[in-house]
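Here are some friendly notes to read alongside the model. Please keep the sequence and the 3D view open as you go.

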Amino acid sequence: MKRFLIPLLIFIVLVAFLGIGLNLDPREVPSPLIGKPAPIFSLARLDDPSKSMSPKDMLGKVWLFNVWASWCGACRDEHPLLVALSKTGIVPIYGMDYKDTRQDAQQWLDMGGNPYVANAFDVNGRVGIDYGVYGVPETYVIDKKGIIVFKQIGPITEEVLRDKILPLVKGLQTQ
Amino acid sequence: MIPEIGHFALILALLVALVQGTFPIIGAARRNSVWMGLAVPAARAQFFLVATAFFCLAYAFASMDYSVTYVATNSNSKLPLQYRIAAVWGGHEGSLLLWAFILNVWTVAVSFFSKHLPDQLRARILGIMGLISIGFILFMLTVSNPFERLIPAAFDGRDLNPLLQDPGMVFHPPMLYMGYVGFSVAFAFAIAALIGGQLDATWARWSRPWTTLAWVFLTIGIMGGSNWAYYELGWGGWWFWDAVENASFMPWLVGTALIHSLAVTEKRGGFKAWTVLLAICAFSLSLLGTFLVRSGVLTSVHAFATDPRRGLFILMFLVVVIGGSLALFAWRAPKIGRGGMFQVVSRESFLLANNVLLAVAAISVLLGTLYPLFLDALGMGKISVGPPYFDTVFAPLMTPAVFLMGLGTLARWKKAELPELSIRLRWAFGVSLATALILPFILGHWTPMIGLGLFLAFWIFTTTVNLLINQLKSNQLSLIFKIKSIPRSWWGMVVAHLGIGFFVLGVTIVKGYESETAVKMLPGDVAHLAGFDFTFDGIKEVQGPNYLSEKGQITVSVMGKEKTHLFPEKRLYTVQNMPMTEAGISPGVFNDLYASLGEPLEGGAWSVRIYYKPMVEWIWAGCGLMAIGGLLALSDKRYRMKKRGQILAVENKGVA
Amino acid sequence: MKLKARHKRFILIGIGLALIALAATLILNAFRSNMVFFYTPTQVEKGEVPKDTGFRIGGLVVPGSLKRDDDGLTVHFVITDTSKTVQVIYKGILPDLFKEGKGVVAQGKVDASGLFVASEVLAKHDENYMPPEAAEALKRARENSTSTLVVPK
């Protein structure tokens with residue numbers, strides 16, 4: 001009675017497609033920005049609107065550029081890792097607060113700890129477009145010449161930090 | 001402390017579910033009554049534990065415990081209490097807990113109302129429901145724990161998505177889940193029967209009330225969702241064919257086929273394999289719906305960036321449950337045997353045709369929902385399949401289905417005579433046709449679709465009248481006695497079918513005669529639509545508990561006589577900085593007047609959308625009647641509990 | 001008699017198969033004619049889009065590009081995938097979540113002058129969410145771009 005097998009076979013095909021669909025992981029998206037100079041901007045700082053921040057200021061050192069926002073749930077997940085990383089002093093972390101309010105962001109830093117050397121404040125997401133921000137959080141590793149070497153879409157996990165970002169940063173620092 | 005109790009209760013529930021899912025099933029195979037006897041206490045213990053977990057989470061929401069991540073992301077201190085409670089199922093983790101909780105509600109209900117079942121069947125059914133529960137609890141404990149702590153605690157919550165802050169949201173998801181998850185009972189009955197090899201009329205009779213009840217909940221849930229979309233989204237639409245809606249509609253279509261197919265299995269012993277397959281499919285589609293909606297494959301790119309393991313887990317779960325049961329079906333179904341023979345013209349074949357049409361409709365929805373995903377998976381680009389596809393497919397599929405519905409209720413089992421049927425239904429056909437041709441000219445204009453819709457609606461009404469007359473004139477007893485002697489399930493069928501008629505009529509009239517306009521209005525301006533004058537009185541600022549609102553007032557009048565006021569709102573939910581449109585609606589039996597605010601323009605003007613929606617409420621009234629029909633059928637006395645082992649041999653007329 | 005019963009069964013199966021075949025034709029036909037393809041602003045610029053049928057475009061609304069006609073209902077805005085842009089005209093009320101700088105999807109046709117006449121504008125997302133089509137447009141543009149981003153105007 002082969003006809004009783006038909007539903008099963010249809011289901012197997014369906015699962016194959018759903019499986020492939022699942023594997024369309026947005027983190028796999030290759031960023032064309034890699035190997036390109038980090039887009040230049042000049043934005044007011046989060047803590048002090050009278051001061052500004054620009055990637056030019058960081059030329060000559062390896063740094064992490066972390067795009068975050070107080071309204072973003074996944075940022076909460078990665079935040080303790082960033083705080084821990086900043087305490088080691090291995091690499092400076094600069095942040096960009098994305099489409100947020102100053103008050104919320106400041107409150108967030110007061111509560112969760114502030115791992116950032118400085119934060120740019122991108123209130124309307126203008127600079128976010130230049131960097132091709134899909135959503136937050138996203139993190140870039142930028143080398144001494146201001147070139148983007150690595151991009152993490154979504155929160156940084158311990159594995160990513162240990163296996164990718166830290167080795168990369170150490171390599172770049174010795175160049 | 002409370003969240004930890006909830007977490008711990010969930011872990012214990014998993015252990016109990018493991019016991020419930022293994023010992024009774026093995027015990028049933030070995031005829032070990034002690035092992036089988038574990039099923040009932042385990043089911044009740046698990047219910048208690050999952051209920052504890054659920055109330056712990058609800059407590060965390062009620063007490064604003066922002067040290068729980070899930071609470072912090074889905075609630076806010078300014079959120080009113082009823083929405084804080086509804087927020088329990090406002091996100092991914094909590095809706096899983098609701099799923100598991102409702103599964104346990106059904107399981108515990110089965111444990112109470114199954115004393116009349118043979119021990120083996122009862123043990124297997126509860127065991128299978130325990131296995132399903134394992135999957136969901138494990139899912140929560142591994143990758144979606146609602147009790148996860150947030151350290152340091154958030155100062156305040158991120159608020160519930162404003163779209164969900166609505167009275168409808170308090171009732172809609174539990175209803176929908178009661179329906180979705182309720183099909184797990186039909187599924188467990190089917191699998192238990194496959195394992196035991198006992199698929200007969202008694203099995204169908206036991207399984208029927210559970211299936212009908214689940215179907216009633218699903219009907220109410222979908223009705224609520226549609227109604228919610230109507231007044232909450234501000235576009236005047238009542239069904240959008242979006243993935244979330246389709247996810248609930250597919251199990252409904254298959255479930256509808258299932259309750260009819262079960263009727264044939266019960267009355268005639270036929271369609272056994274088909275009934276079992278439908279039961280498996282109805283529950284599988286419920287699971288698939290959960291997968292599609294919860295995993296985010298269809299909607300958000302970012303759903304996975306947070307946790308791809310979730311999608312993988314659900315997929316594995318689907319493979320085990322659906323793949324396993326379909327494999328079991330392929331293995332055991334050939335042994336089920338055929339039912340009684342029937343002629344080409346008979347109630348069986350009408351019901352079979354309806355079943356096939358409903359199943360094809362479900363497949364077409366599945367195709368439209370998943371095809372874009374397939375193309376994407378194959379790297380062939382992004383497409384979307386919009387409402388026009390579903391509209392084009394549904395009208396031709398449902399037309400014969402509705403037509404056959406009128407015939408089927410009148411046809412005899414096994415063998416009916418076409419000439420006899422056609423003589424009986426001559427006038428019904430004539431009245432429907434005449435209405436379809438004439439009524440549109442009274443209402444305004446005629447199009448083929450309006451004609452077809454009216455014909456079908458009146459076909460249902462007239463065949464129902466015919467059926468009623470036929471049923472009541474059959475012998476000389478008094479009318480009261482005859483009405484009393486007809487089983488409730490028969491009345492249930494009549495009412496549910498009338499519901500379809502109401503629904504078709506509502507859809508036809510609203511699609512055929514609705515009108516809308518979008519205008520720029522200054523205070524004092526008047527817009528005209530469908531014979532009504534809409535005067536824009538102006539905007540007032542109102543402060544809500546967690547939003548700021550600009551509330552407009554529109555006075556509706558006909559020929560200078562004031563009829564009603566509409567109060568459309570534009571709210572800004574301050575926590576997420578998210579604007580929301582609240583439509584102003586004046587509902588009525590024959591028409592709804594509907595206004596929603598667009599954007600503020602210069603000089604105090606607003607862009608305003610106004611809709612005239614004739615008989616739109618009939619759509620939901622029709623759904624309501626279907627649900628009432630289901631409940632009537634459930635109250636039929638042959639479903640009242642009988643002593644165990646006693647075989648029911650009550651002969652009933654009619655199919656509910 | 002037995003033969004006759006079998007005969008009837010065949011008729012039944014035959015009718016069933018014919019119905020299913022009819023339904024399948026209907027569904028596939030409806031499918032073909034109702035699929036809405038999705039294109040990026042770059043593809044629109046290169047002219048790789050259908051002339052007669054409608055399609056969808058996605059991207060970000062360029063900040064500062066939203067303009068309204070005097071009737072208050074006709075709006076003009078520009079959609080970009082960060083590499084190319086498309087001018088859009090739409091008559092109607094924009095959805096709640098339509099904002100400059102945010103993701104958007106529009107459905108409509110390109111007219112003779114290259115203007116995209118939208119029949120529907122969708123912006124069903126929250127702060128964290130971008131419509132898949134809009135995200136796709138940005139992704140493709142980035143895959144193809146050779147220079148760092150030139151943001152128009």
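1. Which pattern does chain C follow, read along the sequence? The answer is α-β-α-β-β-β-β-β-β-α, and in total chain C has three helices and seven strands. Helices here are DSSP runs of H or I with at least four residues, strands are runs of E with at least two, and both are numbered from the N terminus.

2. A word on conventions before going on. This is a predicted model, in which local features need pLDDT of at least 70 and side-chain atom pairs count only at pLDDT 80 or more, while totals for chains, interfaces and linings use all residues. Residues are numbered from 1 along each chain as its sequence is written, and chains are lettered from A and ligands numbered from 1 in the order in which they are written.

3. Chain C has 153 residues, and 41% of them are buried. A residue is called buried if 20 or more other C-beta atoms lie within 10 Å of its own, exposed if 12 or fewer, and partly exposed in between, with C-beta atoms placed from the backbone. Of the contacts in chain C with a separation of 6 or more, 57% are between residues 24 or more positions apart. Two residues are in contact if their C-beta atoms, placed from the backbone, lie within 7 Å.

4. How confident is the predictor about chain A? Its average pLDDT is 81, and 90% of the residues score at least 70; pLDDT is the predictor's confidence in each residue, from 0 to 100.

5. Helix 4 of chain A covers residues 126–130 and contains G128(A). Is G128(A) buried or exposed? G128(A) counts as buried because 22 C-beta neighbours lie inside 10 Å. Leaving aside residues up to four places away in sequence, G128(A) touches V67(A), Y98(A), D122(A) and V133(A). I148(A) is 20 residues from G128(A) along the chain, and their C-alpha atoms are separated by 15 Å.

6. Chain B is divided into domain 1 (1–164), domain 2 (166–411), domain 3 (417–513 + 619–627) and domain 4 (516–615), with bounds that come from an automatic or database domain assignment. The C-alpha centres of domain 2 and domain 3 of chain B are 26 Å apart. Their contact takes 17 residues from domain 2 of chain B and 21 residues from domain 3 of chain B. On the domain 2 side, helix 9 (201–232) and helix 15 (387–410) of chain B each supply at least two residues, and helix 15 of chain B gives the most, with eight. By class, that side has eleven nonpolar, six polar and no charged residues. Here Ala, Val, Leu, Ile, Met, Phe, Trp, Tyr, Cys and Pro count as nonpolar, Asp, Glu, Lys and Arg as charged, and the others, Gly among them, as polar.

7. Helix 10 of chain B (residues 243–268) deserves a look. Its 26 residues should span 38 Å at 1.5 Å a residue, and its end C-alpha atoms are 37 Å apart, which agrees; the expected span is 1.5 Å times one less than the number of residues. Helix 10 of chain B is largely enclosed by the rest of the structure, because 23 of its 26 residues are buried. After helix 10 of chain B comes G269(B), with a positive phi near 70°.

8. W241(B), in the loop between helix 9 and helix 10 of chain B, has a positive phi of about 55°. A530(B), in the loop between strand 3 (526–529) and strand 4 (532–543) of chain B, has a positive phi of about 50°.

9. Finally, strand 7 (residues 569–573) and strand 8 (residues 578–582) of chain B run antiparallel and are joined by five bridges; strands pair if DSSP finds at least two bridges between them. L572(B) stands opposite P579(B).
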